[in-house]
Amino acid sequence: MEKIFKKVSGKIGFEYLYVLPALAYMLFFVGYPIVSNFILSFHEVSVLTLNSPDKEFIGISNYITLFKDAVLLRSIWNTVLYTVLCILFQFVIGFALALFFNKHFCTSKSVRGFLMIPLMIPITVTALIFKFMFSSNVGIINQLLQTLNLIDAPVEWLIQPGTAMFALIFTNIWIGIPFNMILISTGLTTIPVQLYESADIDGANSFERFLYITLPMLKPAIQSVLILGFIYTFKVFDLVYVMTNGGPVDTTQMLSTYSYKLSFSLFKYSHGAAVANILFVILFAVSLLYLKYAPIGEENSK
Amino acid sequence: MSMKKNLIYSVIFVLILFAAAGCSKTDGQKDGIKNVTIWYYWETEKHQKTLNKIISDFNESQTQIVVKAEYIPFAEFKKQLSIGTSAAKLPDIVIIDNPDHASYSAMGIFADITEKMKDWTDLNQYFEGPLNSCKLDGKLYGIPFGSNCLALYYNEDMMKAANASVPQSWDELRAVSKKLTKGSVKGLGFSSLPNEEGTFNFLTWVWSTGTSAFGINNPEGIKSLAYVSDLVKDGSVPKEAINWTQGDVMHQFISGNLAMMINGPWQIPTMRQEAPKLNWNVALIPKDKQYASDLGGENFGVVNGQNVDASLEFIKFACEPDRIKTYINDFGYIASRKDVAETQFAEDDKIMKLFAEEMQYALPRGPHAKWPEISNAISLAFNEVMTGVSSPADAAKKAQKTIDSIIK
Amino acid sequence: MNINLKISKNNMKNISLSLLSVVIAVIVLFPLYWIIVTSLKTEQEIFKINPSIFPHTFNLKSYFVQMKNGDFNMFRSFGNSLVISITAMLISVTLSVPASYSLARFTFKGKRICILTFLITQMLPVSVILTPMFIMFKNIHLLNNQVSAIIADATIGIPFSILILINYFATIPKELEDAALIDGCTRFSSFIRIFVPIAFPGVVVCAIFSFLYAWGDLVYGMTFIQDQKLRPITAGIFNFMGQYGTTWSYLAAFAVVTIIPVVIIFVFMQKYIISGLINGAVKG
């Protein structure tokens with residue numbers, strides 16, 4: 001095996017050989033959908049012409065129509081608001097928990113393990129659980145708040161424009177905390193213990209150790225957690241689809257759910273594709289920024 | 001290091017992957033035997049069993065055609081159908097919600113069966129409303145499966161306890177709903193989802209005022225929006241209804257959380273099974289200017305493909321009057337054929353008789369090629385007033401603008 | 001005396017931290033407890049105004065309903081989900097470990113483009129990927145076959161794993177690799193013998209996530225596989241939502257049946273996962 005490998009890698013450069021399988025896989029299966037979606041958004045199609053070459057090219061008029069429509073702007077705003085708030089809270093809480101469980105005490109390992117459970121539940125099931133907990137007449141959240149005398153009457157969480165968004169963000173934070181916690185935790189394990197030991201000798205206090213050792217050493221881990229978290233949160237679908245389906249009255253309509261609705265319940269495929277493309281372009285811009293400022297994987301490369 | 005070589009390697013890799021994945025099933029057909037696939041979305045066991053019975057009867061009746069049915073959840077139905085269309089991977093028959101029929105016909109998914117069914121004299125037996133939902137521009141694209149409509153269900157015990165009588169007008173309905181609302185029990189509920197299911201329920205209010213589904217921004221349309229908005233403001237209709245399917249509404253009703261509901265007859269088999277002791281009855285939906293209900297039901301749509309003839313064989317078999325009688329009651333539907341409907345219900349079946357009466361006031365939605373978009377505008381307007389986002393006048397204006405841009 | 005005091009102080013700290021961690025766990029995991037309790041209640045009890053924290057009677061009816069649900073078989077679909085998720089996980093780990101190693105340790109032409117490509121491939125919402133993928137799978141005759149769901153699910157795991165693993169490989173000190181090369185290791189064997197073991201916690205985490213992404217997938221499994229017998233367990237959700245609407249006790253029981261097996265597997269595997277995380281710490 002090794003011999004064959006050596007022989008082949010000698011010819012095309014082993015760096016490429018390692019990357020190629022994964023790259024080819026992704027380009028083959030996802031590259032085509034991205035390109036076809038892009039093309040679709042500049043055409044006028046019906047379900048029958050969706051897969052045929054004779055589509056009518058109409059330039060950017062799909063985009064113009066969409067931007068005149070208040071729902072698109074609202075979905076962009078909703079998606080941004082949702083993403084920023086989710087990331088902010090789940091990152092901070094997840095980070096804090098990672099630091100907390102990095103200390104050595106009897107239950108540190110086992111409890112951290114149990115906190116992973118929210119991640120294991122299929123998102124659709126999580127959405128169902130929280131839909132139940134937030135429901136106005138039987139929901140435990142209302143009952144809890146009423147018992148604590150924090151509210152007088154049941155709040156209609158998923159039915160009122162403002163609170164529905166809150167409920168979605170709350171649920172997503174619950175899913176996101178272990179995601180952040182576990183990735184930061186594993187990042188913490190790669191920090192050599194000696195660094196802390198020598199800092200102790202230098203008389204650094206715990207805050208200084210955090211600021212000058214933990215944070216810089218974790219920088220790559222933090223960067224990838226944030227960018228991946230951003231991408232996954234920004235294209236949220238299942239959660240919203242099950243909990244509110246964009247309602248009430250589009251107040252939790254996200255770019256992804258709006259694109260879905262346009263394509264699959266209103267049969268406006270080109271509009272659906274254009275909305276997905278807007279989502280894509282926003283994420284693309286953010287990733288370019290990220291790549292510019294985060295020299296990914298360059299610390300030790302030759 | 002050349003790119004060319006890289007390309008070759010990646011192609012080889014992908015090929016290996018497929019080889020590994022390979023051995024996929026082919027869609028081959030045995031000589032002479034035609035396979036016909038049906039898609040449907042009924043989720044209750046009773047409906048599924050009844051449909052399978054029709055199919056197995058058909059399969060046993062002849063040797064040329066084998067029919068099988070695949071269940072696609074309602075929430076997935078449109079998606080699966082449009083993806084299947086673009087990939088040319090469709091079933092042969094689709095049992096479809098009747099307001100959607102026209103838009104699929106317009107897309108070219110369904111075959112024009114006008115010529116082929118010309119000699120099928122049974123066609124004269126069909127009621128106009130259901131048959132029209134299968135037509136577009138005078139051409140026939142399907143055959144009605146069965147019909148239903150909405151009526152008012154009420155909990156007799158609650159009605160008695162509140163000393164109320166069955167409402168007949170909008171004013172009475174509003175008053176009675178208010179009277180029946182106590183603690184966790186709400187007076188009235190109907191599915192108010194922002195989709196076709198919601199529109200199905202909302203249109204009864206719209207039509208009762210005398211206006212049409214295409215003209216919302218007029219005193220009548222606004223009145224219907226204002227009426228629903230008032231019911232919610234009174235607390236008689238729970239706001240949560242905007243998240244309820246008709247199945248949810250039925251479950252709320254049999255759990256005793258709703259004193260009255262608007263719903264269809266297909267719920268009755270499940271209601272009797274799950275809540276045999278519940279004391280309930282039905283009445284015509286109270287009217288404003290005129291009685292109105294919504295024509296619901298499914299049609300057989302024949303997909304434009306190679307199996308049109310075989311599919312029609314099955315449909316003709318399933319639509320024989322004597323056969324319809326064997327299954328239509330199990331579905332909780334009203335036959336779309338006059339000859340069957342006349343004798344469908346036993347004299348003492350007061351509940352289904354009421355639905356048959358309500359059927360006279362039931363109007364079809366559309367048919368319009370872009371009905372889904374019109375429907376979306378209507379259900380959105382009602383959702384806006386129910387959640388208090390817009391006033392009835394504003395919601396009507398907005399909906400009308402959308403509708404006008406569609407029908408031009 | 002002095003030593004005793006120190007120990008008890010450590011003990012105090014240990015106990016209070018442990019207590020605190022348990023409190024955190026209770027708060028975070030409450031929704032799970034709640035859904036289990038709900039699944040054991042009767043529908044009438046769920047609708048009571050002051051909800052009971054424990055069910056009054058253990059009502060197992062909601063679970064029996066799961067057993068007989070038309071064509072949909074809970075156990076079979078659970079097995080389907082396992083097959084799909086494990087295969088997707090294997091594909092994803094096999095492809096992403098070498099790729100991330102190369103991207104982390106070497107500089108070569110087109111490297112940034114590669115990283116960008118992996119980032120990009122996860123940027124389209126599932127709704128628009130569905131149709132083109134469906135067409136592709138139809139052309140290569142993979143529809144109504146679990147392979148289609150496996151392939152599609154792996155496309156979520158691969159870029160994720162690569163972007164996470166790059167960091168693990170990047171933080172491994174260069175000296176370690178040099179030492180290995182001096183010892184006569186080839187690049188390939190230094191990758192297998194040195195890097196993979198050191199980055200093991202990262203590999204485990206990526207494997208877990210790849211598994212979980214596939215496990216939680218609903219849309220791919222439902223769209224590409226029409227045969228009820230081949231569908232993953234998540235596909236059952238729509239059957240239940242359609243059939244039982246807001247009959248919460250049934251839905252809760254469904255949720256529990258979906259969750260519990262994974263949690264059990266996890267609890268048994270936890271020892272290995274956690275030790276992988278902790279022991280993998282770089283000692284160099």
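User: What percentage of the 302 residues in chain A is buried?

Analyst: This is a predicted model. Chain A has 14 helices and two strands, and its C-alpha atoms fill a box of roughly 70 × 70 × 35 Å along the principal axes. Among its contacts between residues at least 6 apart in sequence, 67% join residues at least 24 apart. Of the 302 residues in chain A, the buried share is 51%.

User: Does helix H10 of chain A lie largely in the open or largely buried, and what number of its residues is buried?

Analyst: H10(A) spans residues 193-201 and is followed by A:Gly203, whose phi is positive, near 80°. A residue counts as buried if 20 or more other C-beta atoms lie within 10 Å of its own. H10(A) lies largely in the open because, of its nine residues, the number buried is zero.

User: Which residues is A:Val275 in contact with, leaving aside its neighbours within four places in sequence?

Analyst: With the neighbours within four places in sequence left aside, its contacts are A:Leu66, A:Leu72, A:Leu255, A:Tyr258, A:Ser259 and A:Leu262.

User: Which helix gives the most residues to the side of chain C that touches chain A?

Analyst: The contact joins 93 residues of chain C to 82 residues of chain A. Helices that each supply at least two residues of the chain C side include H1, H4 (74-105), H7 and H13 (248-279). By class, that side has 66 nonpolar, 23 polar and four charged residues. With 13 residues, the helix that gives the most is H7(C).

User: At roughly what angle do the axes of helices H9 and H16 of chain B cross?

Analyst: B:Leu225, B:Val228, B:Ser229 and B:Val232 in H9(B) meet B:Ala381, B:Phe382, B:Val385 and B:Met386 in H16(B). The residues of this contact divide into seven nonpolar, one polar and no charged. H9(B) passes H16(B) in a right-handed crossing. The axes come within 8 Å and cross at roughly 40°.

User: Which helix gives the most to the side of domain 1 of chain B that touches domain 2 of chain B?

Analyst: The domain assignment of chain B places 34-148 + 296-363 in domain 1 and 151-294 + 370-407 in domain 2, and 27 Å separate the centres of these domains over C-alpha atoms. The contact takes 23 residues from domain 1 and 22 residues from domain 2. By class, the domain 1 side has 12 nonpolar, five polar and six charged residues. The element that gives the most to this side, with six residues, is H15(B).

User: How many residues does H1(C) give to the side of domain 1 of chain C that touches domain 2 of chain C?

Analyst: The domain assignment of chain C gives domain 1 (2-59) and domain 2 (73-279). Eight residues of domain 1 are in contact with seven residues of domain 2. Helix H1 (2-40) and helix H2 (43-46) each supply at least two residues of the domain 1 side. H1(C) gives the most to that side, and its number of residues is four.

Notes: Residues are numbered from 1 along each chain as its sequence is written. Chains are lettered from A and ligands numbered from 1 in the order in which they are written. This is a predicted model: local features need pLDDT of at least 70, side-chain atom pairs count only at pLDDT 80 or more; totals for chains, interfaces and linings use all residues. Two residues are in contact if their C-beta atoms, placed from the backbone, lie within 7 Å. A residue is buried if 20 or more other C-beta atoms lie within 10 Å of its own, exposed if 12 or fewer, and partly exposed in between; C-beta atoms are placed from the backbone. Axes are lines fitted to C-alpha atoms, for helices over the stretch in contact, and angles run from 0 to 180 degrees between N-to-C directions. A crossing is left-handed if the near helix is turned anticlockwise from the far one by less than a right angle, and right-handed if clockwise. Ala, Val, Leu, Ile, Met, Phe, Trp, Tyr, Cys and Pro count as nonpolar, Asp, Glu, Lys and Arg as charged, and the others, Gly among them, as polar. Domain bounds come from an automatic or database domain assignment.
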